[in-house]
Amino acid sequence: MLGSILSQYARTLSVFAVLLLIVLIEALGVREAVYPGLLPFFTWMRESSWLGVIGTTYGSVYATVEAVHLLSMAVLGGTVLATDLRLLGVIFKDIPSETLVTGTHKCFRWALLVAILTGIFCAAGVGDKVYYMQVFWIKMLVLLLGSCYMLFIKQPFLTSRPHAEINPWMIRLLAITSMLTWFTVAATGRWIGFS
Amino acid sequence: MINELLLQFGQWMEAQQYSQMLVAGYYSYSWLEATHVLTLMVSIGSLFIIDFRMLGLVMPNVPASTIAARLHKPMIIGFVIMFITGALLVYAKPVETIQSLWFRMKMILLFLAFINAWVFNNRMKGAEGNWDNDPVAPKPLRTGAIASLVLWCGVVILGRYIPYDWVDCTNTTNTTILWAAGCVDQLNAL
Amino acid sequence: MGDNNKWDDKTVAAVSTAAIMLGGLLYYWVGEGQSTVELLELAYGSVKFFNNPLVF
């Protein structure tokens, strides 16, 4: 009986396991213990890794990669807005929401991949500077959670059944969470640039 | 002549109270720039989806004219916000921006991108009904889509270069660059 | 929502994840708004967006 529930609700249990892990990391002070040990890595990234050396030596290369990072985020934002605004019934009302959800996902994944790769280069170019920024760590956390949410939770759910069978409020919740997540990633990323 | 006029216009704007307030405020310039950059996701995001549809990369089973028509409004709203925030950014730092080589190149590419969009729009209206349900648009429209992608990527990349001072008026003695960037005082001094 | 079970694994996971994430993000942004307002009040004794060198 228990085994049956565990296997039927594996995804849900994984979600709560991750939540428990986050709570334990905070409550047991694991984050504070690990944080100082990360500084040598960030310093190495900027001073010694070839990404960091190229980024700090050639400002034009760094600026171009930053621009590609922006472009990939524009594409990512476009796919997220197109899909989520359709789920909220704001645009594309004459096209089935299932079509938009499946039709934009490949574009979203490629944009996310390019954004992450260019983001690694950008972070390497500033290394220990972002290590000390709280807004950087918030962006990383939201990026990780947002990516997992999109790839393992939202997309599988929305492609598993016709949307007419889903409670409209559930769809709205998923869409609003998605939009706010990627807005937060973009806005915190912009604030890193100002800091 | 044009460079002198532009410099005078920039200096006049710089002397305005609101221009100085925009730059002096702790939050104002940052919020303006953040809005300009974040609205990229709305304006260029929508535009790139339309272009990608023409190339068959996104939603190939949805009529292309439908995607273009549905995303037209968000795209225009995004571009209006971009234009307003962009104009205010120029207003906040007018001389620095007007004498930026990258800004000038960005404006040229922006103009070409709008021309391309206008030509593309006309072609799309003319071709409606024949190819709309095809996964990939006909060659003239694909060419227009690729040109659009290249031009807008150029606009964003050049926009990203503006804050950098590699070829600022005070950092170069190359007469071509000084002329192209409208560095009137530095050219006169040479 | 599914033939037999309204609350299947994907549904429960989706609702709980979305609710937790939305709650967390709203908490973050409300906090950001609050700290901005506090900064403005600290500097000028009241929150104002115009004739306020901290903003415009």
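Q: Before we start, what conventions apply here?
A: Residues are numbered from 1 along each chain as its sequence is written, and chains are lettered from A and ligands numbered from 1 in the order in which they are written. As this is a predicted model, local features need pLDDT of at least 70 and side-chain atom pairs count only at pLDDT 80 or more, while totals for chains, interfaces and linings use all residues.

Q: What ipTM and pTM does the predictor give the complex?
A: The complex has an ipTM of 0.88 and a pTM of 0.89.

Q: And what about chain C?
A: The average pLDDT (the predictor's confidence in each residue, from 0 to 100) is 78 for chain C, with 68% of the residues scoring at least 70.

Q: How many residues do chains A and B bring to their contact?
A: Chain A gives 28 residues and chain B gives 29 residues, where contact means that C-beta atoms, placed from the backbone, lie within 7 Å. On the side of chain A, the largest share, 16 residues, comes from H5(A), helices being DSSP runs of H or I with at least four residues, numbered from the N terminus.

Q: Is B:Met59 buried or exposed?
A: B:Met59 counts as buried because it has 23 C-beta neighbours inside 10 Å; the cut-off for buried is 20 or more other C-beta atoms within 10 Å, with exposed at 12 or fewer and partly exposed in between, all C-beta atoms being placed from the backbone.

Q: Where does it sit, and what does it touch?
A: B:Met59 lies in the loop between helix H4 (40–54) and helix H5 (64–92) of chain B. Leaving aside neighbours within four places in sequence, the contacts of B:Met59 include A:Thr99, A:Leu100, A:Gly103 and A:Thr104 from chain A, as well as B:Arg53 and B:Ile67.

Q: Switching topic, what does A:Leu76 touch?
A: Not counting residues up to four places away in sequence, A:Leu76 touches A:Phe108, A:Ala111, A:Leu112, A:Ala115 and A:Trp182.

Q: Now H3(A): where is the kink centred?
A: The kink, of about 35°, is centred on A:Pro36, the bend being the angle between axes fitted to the seven residues ending at a residue and the seven starting there.

Q: Which of its residues are buried, and what covers them?
A: In H3(A), A:Phe42, A:Met45 and A:Arg46 are buried, and the cover over the buried residues of H3(A) includes helix H4 (50–57), helix H7 (105–126) and helix H8 (128–131) of chain A.

How values were computed:
Contact = placed C-beta atoms within 7 Å. Helix = DSSP H or I, 4+ residues; strand = E, 2+ residues; numbered from the N terminus.
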